[in-house]
Each structure stands twice: as structure tokens, then as C-alpha cells.
Amino acid sequence: MSRDLSALYQQVILDHNKNPRHYGVLDPNDRQTHGVNPLCGDDYHIYLNLDGERIADIRFSGTGCAISKSSASLMTTTVLGKTIAEAKDLIRCFIAMLTAEPDAQCLEKLNRLRVLEGVKHYPVRVKCATLAWRTLEAALSHPDQTVTTE
């Protein structure tokens, strides 16, 4: 990772960790799901309100490391207003970016989320970065369940 990209990565993580966007309980909500990473101690709830097939509002609450919290914050900012299908596609692309080789279309869709691409160089932290995304995926498909990284 270049020095400039590394500095940007650190700056974005610190900013979203200190000032998370869309943080707090969404009550009432249409759907909610709980996600836990026992290895790191990350523990989040994702709350959604849908307007038909569109994510009308999204929030997250809980505690975790800087990477998990900043990833959740970036995720909520990115998927707000998207359709369920668009959000599921972003989830697929984000997870592929950290665990496999995403295609060029995915990388283009991820846009500013690519700042978290450096996490893949720290395999222990990949679960931290993907927890909120996997929890959102469950909320969109199987609400009211607990997701675990183990």
C-alpha cells in the first residue's frame, strides 16, 4: 500500500470511528439483526426501515474496534437510499474486495469504500471489516437472527 493510500486509510478509519454516521437505535424499525465477532469483541445491531424495495433509513449500534465501527459507518452511508438488490450487490463486492479478487465492475461500484481495501493485508481484521456487511446481508434476507464471524 502506498504511503498516501495508507495515510488516507488511517484518516478515514479514525474519522468514522470517532464520528460514526448513522449511529444509534432506529425505533421503530422494519428489520434488525445482531452481529458478533467473538474473536475481536465486535458486537453490533443493524436496523432498517424499508420503503418497498428501497432502504429508507439505516442505523447501527453497538461496540467494536475502529475498523468494524468505521466499516459499519461507511456501509450505512453507502447503502442508504439503495434498493435491496443494489445493497446486496455492494455487500458481495465489498466482501470480495477483502477476501478474493473482485472484478473491475465491483471495484468501480465500491468507489470510496476502496479505502478499506488495505484491511485485506491484515487477515485477522477482515472479519472486523466485514461484520456489519454480513449483518446487513442477514437483515435484508433473514431479519431477527444473530450473525457470527465464527
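1. In this predicted model, Ile-13 touches Ala-66, Ile-67, Ser-70 and Leu-116, leaving aside residues up to four places away in sequence. Ile-13 itself belongs to helix 1, which covers residues 3-18. The residue is classed as buried because its relative accessible area is 7%, where the cut-off for burial is under 20%. Ile-13 and Lys-69 lie 56 residues apart in sequence, yet their C-alpha atoms are 8.3 Å apart in space.

2. Ile-67, one of the residues touched by Ile-13, also takes part in the contact of helix 2 with helix 5. On the helix 2 side, this contact comprises Ile-67, Ser-68, Ser-71, Ala-72, Met-75 and Val-79. These residues meet Arg-125, Cys-128, Ala-129, Ala-132, Trp-133 and Leu-136 of helix 5. By class, the contact residues divide into nine nonpolar, two polar and one charged.

3. As to the geometry of this pair, the axes of helix 2 and helix 5 come within 8 Å and cross at roughly 35 degrees. The crossing of helix 2 past helix 5 is right-handed.

4. The model contains an open sheet of four strands in the order 3-2-1-4, and the pairing is mixed. Strand 3 (54-63) and strand 4 (146-148) form the edges, each pairing on one side only. From one strand to the next, the twist averages 20 degrees. Helix 2 (residues 66-79) packs on this sheet, where it touches strand 2 (42-51) and strand 3. The direction of helix 2 makes about 170 degrees with that of strand 3.

5. Strand 1 (residues 31-37) and strand 4 run parallel and are joined by three bridges. Within this pairing, Val-36 has Thr-148 of strand 4 as its bridge partner.

6. Helix 3 (residues 84-99) has a length consistent with its residue count: at 1.5 Å a residue, its 16 residues should span 22 Å, and the end C-alpha atoms are 22 Å apart, so the two values agree.

7. Helix 3 also contributes a series of buried residues, namely Ile-84, Ala-87, Asp-89, Leu-90, Ile-91, Cys-93, Phe-94, Ile-95, Ala-96, Met-97 and Leu-98. Against which elements do the buried residues of helix 3 pack? Their partners are strand 2 and strand 3 of the sheet, together with helix 2, helix 4 (104-110) and helix 5 (123-141).

Technical notes
Residues numbered from 1 in each chain as written. Predicted model: local features only at pLDDT ≥ 70, side-chain atom pairs only at ≥ 80, totals over all residues. Heavy atoms only, no water. Pairing = 2+ DSSP bridges. Helix = DSSP H or I, 4+ residues; strand = E, 2+ residues; numbered from the N terminus. Axes fitted to C-alpha atoms, helices over the stretch in contact; angles between N-to-C directions. Contact = heavy atoms within 4.5 Å. Expected span 1.5 Å × (residues − 1). Buried < 20%, exposed > 50% of the residue type's maximum accessible area, 1.4 Å probe, protein only. Left-handed = near helix turned anticlockwise from the far one by under 90°. Nonpolar A, V, L, I, M, F, W, Y, C, P; charged D, E, K, R; others polar.
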